[in-house]
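Visitor: This one is new to me, so please walk me through it. Let's have it on screen.

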Amino acid sequence: MLMNLFKFKGGVKPPTNKTQSLSLPITRAPMPSRLIVPLHQSIGGTPNPVVQVGDKVLKGQLIGEADGWISAAVHAPTSGTVIAVEMQVQPHPSGLDALCVVIEPDGKDEWIARTSLDYAAMTPEAVREHLQQSGVVGLGGAVFPTHGKLTASKTVPMDELIINGAECEPFITCDDLLMRERAEEVVRGIAIFRDLLQPKKVLIGIEDNKPEAAAAMRAAVNAQNEPFLVVPVPTLYPAGGAKQLIRVLTGKEVPAAKRSTDLGVQCFNVATAYTAWRAIAHGEPVVSRLVTVTGNVHAPRNYEVLIGTPMGELLQLAQPNPDTDGIIMGGPMMGFLVPNAEVPVIKATNCLIAHDDRLFPPKAPEMPCIRCGACAQACPHELQPFEMYWYARAKNFGKTQEYHIFDCIECGCCSFVCPSRIPLVQYFRFAKSEIWARERDKNAADGAKARFELKQQRDEREKTEKAEKLARAAAAQAAKKAAEAEAAAAAPATGSDEAIAPASSEKPVVVEVSTVDAEKAAKMATIEAAMARAKAQREAVKPKNTEALSAQQQHDLDEIEARRVALKTTAPATADAPQAPPKVD
Ligand code: SF4
Ligand code: SF4
């Protein structure tokens with residue numbers, strides 16, 4: 001069946017250099033001396049180690065538990081002993097290290113008990129869960145956990161499921177050989193994805209420089225009576241980019257801010273489909289992958305390699321020439337030189353290229369940009385690389401974002417065509433890492449500010465609560481004092497006009513006394529007590545030779561004192577005011 005194909009903008013045609021590694025079939029790489037298995041091998045959360053130094057493990061045994069939904073489990077690639085759980089340098093341009101489980105193989109390569117599952121009898125959730133637990137991730141390079149892409153949208157119907165067999169990067173041939181030799185299992189894996197996502201169409205895109213792979217896939221599709229379409233697409237780098245392949249096969253343009261599922265399309269690599277089938281039908285988690293070993297070597301070839309194999313040991317199998325001075329992981333367009341030969345093969349490793357100056361001559365010095373626009377014409381994402389370069393160089397990172405630097409897939413087309421030999425992609429990587437670093441710093445500062453404001457709010461709240469508590473205590477104290485004063489004032493009236501206590505067991509007779517009367521009585525009692533104290537004090541200070549006051553004089557003095565005390569007693573006073581002793585003037 002013929003299909004209308006679409007073109008994506010830009011793209012380049014570098015020398016493919018693929019034939020060198022296609023002359024021999026896939027072979028299994030021998031057991032390495034040790035396996036260094038990084039726990040973080042996919043997008044998302046870093047799996048937590050579940051083994052310790054000294055543990056004996058079997059091939060396929062869980063060694064790293066997925067951390068959250070967007071994360072995938074990690075397994076022992078062979079049987080042996082855990083000899084370290086430690087930080088090791090990673091196969092990454094940064095050269096940073098990350099936590100790894102190091103296993104010394106016992107040579108038996110003994111599997112865990114493996115169970116074949118009938119996925120048709122399982123719920124979609126159970127299938128996704130099983131794929132996550134089996135560590136299935138995108139093997140085209142993105143290493144996104146596959147189960148996270150296998151939930152159909154509730155709002156947008158799935159129109160097309162795209163299977164990516166384009167393999168557009170020069171030198172890399174592992175997908176080509178996988179399709180040639182293991183097409184049946186690839187197609188069975190595609191069927192699992194189809195059953196979970198229920199698309200209207202399944203399209204398998206393969207670059208037209210791989211006719212053998214396309215033929216093998218077509219034969220497998222027919223043998224399994226599947227309605228999948230194998231579609232040869234023009235060989236043009238980067239046709240294997242997910243967005244570019246979707247564009248070529250469906251005509252749909254996935255905007256930068258959207259996911260392909262928003263347009264009813266989902267995309268998986270052929271190797272991902274293969275590992276999904278192995279996980280379901282054979283109970284095998286992802287412990288190995290196909291890797292092309294090529295470049296400056298005598299025997300380029302594709303190997304089935306255990307995850308964690310040191311790259312240097314793998315490269316030796318292909319007999320590198322003595323002038324090899326480095327290892328590129330990935331292709332020459334998007335790959336990078338690894339920090340050293342000890343770094344391990346990981347799930348994202350599809351190719352190792354032995355580097356030398358003959359294959360990759362040192363670039364002549366960078367020249368000034370002449371604004372020729374060739375980079376913009378080559379960019380498959382319709383960006384303006386020379387503008388991004390200019391602002392990245394000036395460290396004006398805000399401007400690089402205005403020019404959509406995060407839409408750049410670092411495909412390298414712009415650098416490839418630049419007549420001034422400007423390493424544009426390196427500038428873009430630098431700008432992105434600076435923006436991320438600043439974003440991290442800003443988030444940290446925002447977090448600190450939020451924590452400070454929360455603390456201030458808490459301090460204020462505690463202060464208010466304390467003040468309220470003190471006010472309540474003071475009010476209670478005042479009420480208590482008032483009650484005591486009232487009781488004290490009422491005491492002298494007992495037996496006179498307040499109440500008559502029962503003389504016997506007869507029912508008591510209570511005489512109602514008004515509050516005003518009680519207050520009066522209290523005041524009178526206070527006045528009398530004050531007069532008595534004043535008199536006593538005068539007597540105490542009276543000189544011995546002073547004549548006694550006449551009775552009338554004494555009476556007048558007492559009356560004056562009594563009035564003064566009465567005035568003081570009736571004057572308003574605060575509840576907490578201290579009780580000053582009456583003074584004699
Ligand atoms: S291709 Fe190079 S020289 Fe030409 S505009 Fe782009 S960056 Fe400048
Ligand atoms: S590296 Fe980025 S800017 Fe350059 S061509 Fe590719 S997508 Fe465009």
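Visitor: At what angle do helix α2 and helix α3 pack?
Guide: In this predicted model, helices and strands are DSSP runs numbered from the N terminus (H or I for helices, at least four residues; E for strands, at least two). Axes are lines fitted to C-alpha atoms, for helices over the stretch in contact, and angles run from 0 to 180 degrees between N-to-C directions. For α2 (residues 174-197) and α3 (residues 211-223), the axes are 8 Å apart and the angle is about 30°.

Visitor: What pLDDT do local features need?
Guide: Housekeeping, then: residues are numbered from 1 along each chain as its sequence is written, while chains are lettered from A and ligands numbered from 1 in the order in which they are written. Side-chain values use heavy atoms, without hydrogens and water, totals for chains, interfaces and linings use all residues, side-chain atom pairs count only at pLDDT 80 or more, and local features need a pLDDT of at least 70.

Visitor: What do you call the arrangement of α2 and α3?
Guide: Angles under 35 degrees count as roughly parallel, over 145 as roughly antiparallel, 65 to 115 as roughly perpendicular and the rest as oblique. The helices α2 and α3 are therefore roughly parallel.

Visitor: How many charged residues are in the contact of α2 with α3?
Guide: Contact means heavy atoms within 4.5 Å. On the α2 side, Asp176, Met179, Arg180, Ala183, Glu184, Val186, Val187 and Ile190 take part, and they meet Glu212, Ala213, Ala216, Met217, Ala220 and Val221 of α3. Classes work like this: Ala, Val, Leu, Ile, Met, Phe, Trp, Tyr, Cys and Pro are nonpolar, Asp, Glu, Lys and Arg are charged, and the others, Gly among them, are polar. The contact of α2 with α3 has ten nonpolar residues, no polar ones, and charged residues numbering four.

Visitor: Which residue in β11 is the bridge partner of Ile206?
Guide: Two strands pair if DSSP finds at least two bridges between them. Strand β10 (residues 201-207) is joined to β11 by five bridges, and the two run parallel. In β11, the partner of Ile206 is Pro232.

Visitor: Which strands stand at the edges of the four-stranded sheet?
Guide: The four strands make an open sheet with parallel pairing, in the order β11-β10-β9-β12. Each edge strand has a single partner, so one side of it is left without a neighbour in the sheet; these are β11 (229-233) and β12 (265-269).

Visitor: Which peptide bond is cis?
Guide: Head for the loop between β11 and α4 (242-250), where Pro238 is found. With omega near 0°, the cis bond is the one from Tyr237 to Pro238.

Visitor: At what angle does helix α5 run to β12?
Guide: Helix α5 (residues 270-281) lies across both β9 (160-164) and β12. Its angle to β12 is about 80°.

Visitor: How far apart are the axes of α1 and α5?
Guide: Helix α1 (residues 124-133) packs with α5 at an angle of about 105°. The two are therefore roughly perpendicular. Val127, His130 and Leu131 of α1 make the contact with Ala276, Ala279 and Ile280 of α5. The axes are apart by 10 Å.

Visitor: Which residue of β6 stands opposite Gly64?
Guide: Three strands form an open sheet with antiparallel pairing, in the order β3-β5-β6. Two bridges join β5 (residues 62-65) to β6. Opposite Gly64 stands Val74.

Visitor: What is the handedness of the crossing of α8 and α11?
Guide: Helix α8 (residues 385-393) and helix α11 (residues 424-490) pack at about 55°, their axes 9 Å apart. That makes α8 oblique to α11. A crossing is left-handed if the near helix is turned anticlockwise from the far one by less than a right angle, and right-handed if clockwise. The crossing of α8 and α11 is left-handed.

Visitor: How many nonpolar residues does the shell around ligand 1 have?
Guide: A residue is near a molecule if one of its heavy atoms lies within 4 Å of it. The residues around ligand 1 include Cys369, Cys372, Cys375 and Cys418. By class, the shell around ligand 1 has two polar residues, one charged, and nonpolar residues numbering nine.

Visitor: Which residues come nearest to ligand 2?
Guide: Helices α8, α10 (413-417) and α11 each supply at least two residues of its shell. That shell divides into eleven nonpolar, one polar and one charged. Of the 13 residues around ligand 2, the nearest are Cys379, Cys408, Cys411, Gly412 and Cys414.
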